[in-house]
Amino acid sequence: MAEPLRPFRLRGCGGPQKFGVAAGSLRGLLRKGCRLLQLPLAGSRLCLYEDGTELTESYFRALPPQTELVLLGPGESWRGCASDIERLLAAFCSQQGAVVEAARRLLTDERAPHRQKLLADLIHNLSENILAEDKEDDKKWFEGLESRFKNKSSYLRHSCESRMRGYMREVTGFISNVHPAARDAYRGIIDLMADKLKSVKYNGCYFDRREEEEAARLCTAEGWFSCQGPFDRDDCPCKHSINPYSNRESRILFSTWNLDHIIEKKRAVVPELAEAVKTRDGREVNWEYFYQLLFTLDNLKLVHIACHKKTNHNLSCDKTRIYRKRKQTYEIS
C-alpha cells in the first residue's frame, strides 16, 4: 500500500525560491525535487533547512507537513541558516551598490515602522565611507568638529590624547590627598610622567589607524575597533564592534566607549602611588610602573559602554614593582 502524500516546502541551496512538493517517501520526494530543480538524481540528497541535518527514510516519516527542506546536488553542502547568512553577506560585499538601491526602493513603499527602521539602518551602514581619510572626501563626517581637523585620523588622535590628558589631570588633582611631607616628591613623579606622555604625543596613536604598530593592538588597518570585554573576562559577550571612521554617527557613538583601567585608576593606582611616595623611606618609587598602569595598554582595555562595569574591580597593584633599586655609584680611588 502506497504511503499517503504529505506536503513539504522545498528549495535549492543556490537561491531563496521555495516550491510546494508532496510525496509519500523520501525517494519519491527526492525524485520530484531533482526533476523540479533540474538536478541529477545520483548524488543528490535532502536536508533540513534549519540546521542541515541530512534526511533518512525513517527521519523523513517523522517530519511534520510543510517542513522546509533543502535539495543538495552533488558536491553541495548546507549548514543551516548560517548558509543563508553567508550568502547574504557575500551579496553585500560583491553588490553593495545594488543592495543599497534595492533597499531604497523598498523603503519608499514600506509602511511598517520596524521594517522601515531595518531598511534605513541597512542603507546607512552600507553607505559608509570607511576608506576616506581627508575632509574633502567625506565632509559629512566632519560636521560639528572644529575646522582645524583636516583628516579623520587627526581627530581620532586628538580624542585619545584628550582622554590621556584627563587621566593626568586626575593624577595631579589627587595631590591634596597626599601627605604634606610627600607632596614635593609626588609632584616630581607627576613631572616625569608628563614628560613621558609628551614624548609619545599622549599616546594618540592608539586611535590612529595609520600608526600600525600601536594601533594594531586596538584596531584593524581599516579602523574597526572591537570591545575587549569587561575587566573580569577576556572577551566581549555581545561582540560589540565599531568603525568611527565610517560615518558621523559612528564617530559620535565611539566617544561613549571607555578606555577602562583594569586595575582601577581612582580606587587603586593613584592611592597606591600616593602611599608609595609617603612611605618610600629612602627607596626609589618605580614611577614607570605606575605610568604603565595609568596611560598604556598594559592596563587599559577598550570597552563598549554596556560592558563597562562600575563596580569595584577588587584588583591591586603588584607590590613587588612599586619600588626599584637605586642605581649604585662607585668611586674610583
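Modeller: Start with angles between axes. Under 35 degrees counts as roughly parallel, over 145 as roughly antiparallel, 65 to 115 as roughly perpendicular, and the rest as oblique. The axes are lines fitted to C-alpha atoms, for helices over the stretch in contact, and the angles run from 0 to 180 degrees between N-to-C directions. Bear in mind that this is a predicted model, where local features need pLDDT of at least 70 and side-chain atom pairs count only at pLDDT 80 or more, while totals for chains, interfaces and linings use all residues. Residues are numbered from 1 along each chain as its sequence is written, and side-chain values use heavy atoms, with hydrogens and water left out.

Biologist: Why are helix 6 and helix 7 called roughly antiparallel?

Modeller: Helix 6 covers residues 152-173, and its axis crosses that of helix 7 at roughly 170 degrees, coming within 11 Å. The cut-off is over 145, so helix 6 and helix 7 are roughly antiparallel. Met164, Met168, Val171 and Thr172 of helix 6 make the contact with Tyr186, Ile190, Met193, Ala194 and Leu197 of helix 7. Contact means heavy atoms within 4.5 Å. By class, that is eight nonpolar residues, one polar and no charged.

Biologist: How do you know that a run of residues is a helix or a strand?

Modeller: Both are DSSP runs, numbered from the N terminus: helices are H or I with at least four residues, strands are E with at least two.

Biologist: What makes helix 7 oblique to helix 10?

Modeller: Helix 7 (residues 183-199) packs on helix 10 at about 125 degrees, with 9 Å between the axes. That angle makes the pair oblique. In this contact, Ala185, Tyr186, Ile189 and Met193 of helix 7 meet Val270, Leu273, Ala274 and Val277 of helix 10. The classes are eight nonpolar, no polar and no charged residues.

Biologist: What makes a residue nonpolar, polar or charged?

Modeller: Ala, Val, Leu, Ile, Met, Phe, Trp, Tyr, Cys and Pro count as nonpolar; Asp, Glu, Lys and Arg as charged; the others, Gly among them, as polar.

Biologist: And helix 6 with helix 10: what makes that pair oblique?

Modeller: Their axes cross at roughly 55 degrees and come within 10 Å. That makes helix 6 oblique to helix 10. Tyr167, Glu170 and Val171 of helix 6 touch Lys265, Lys266, Val270 and Leu273 of helix 10. This contact has four nonpolar, no polar and three charged residues.

Biologist: Now single residues. Why is Cys227 called buried?

Modeller: Buried means under 20% relative accessible area, exposed over 50%, and partly exposed in between (1.4 Å probe, protein chains only). Cys227 has 7%, so Cys227 is buried. Its place is the loop between strand 5 (225-226) and strand 6 (241-242). Leaving out residues up to four places away in sequence, Cys227 touches Cys236, His240, Trp257, Leu302, Val303, His304 and Cys307. Val303 is 76 residues away along the chain, yet the two C-alpha atoms are separated by 4.8 Å.

Biologist: How do you know that helix 11 is mostly covered?

Modeller: Seven of the nine residues in helix 11 (residues 287-295) are buried. They are Trp287, Tyr289, Phe290, Tyr291, Leu293, Leu294 and Phe295.

Biologist: Why is Gly282 called exposed?

Modeller: Gly282 has a relative accessible area of 52%, so exposed is the label. Gly282 sits in the loop between helix 10 (265-278) and strand 8 (284-285).

Biologist: And why is Ala120 called partly exposed?

Modeller: Ala120 is at 34% relative accessibility, so the in-between label applies. Ala120 belongs to helix 5 (residues 113-126).

Biologist: What makes the phi of Gln66 worth a look?

Modeller: Most residues other than glycine have a negative phi. Gln66 is not a glycine, yet its phi is positive, about 70 degrees. Gln66 lies in the loop between helix 2 (57-62) and strand 4 (68-72). With a relative accessible area of 40%, Gln66 is partly exposed. Lys201 also has a positive phi, near 55 degrees. At 55% relative accessibility, Lys201 counts as exposed.
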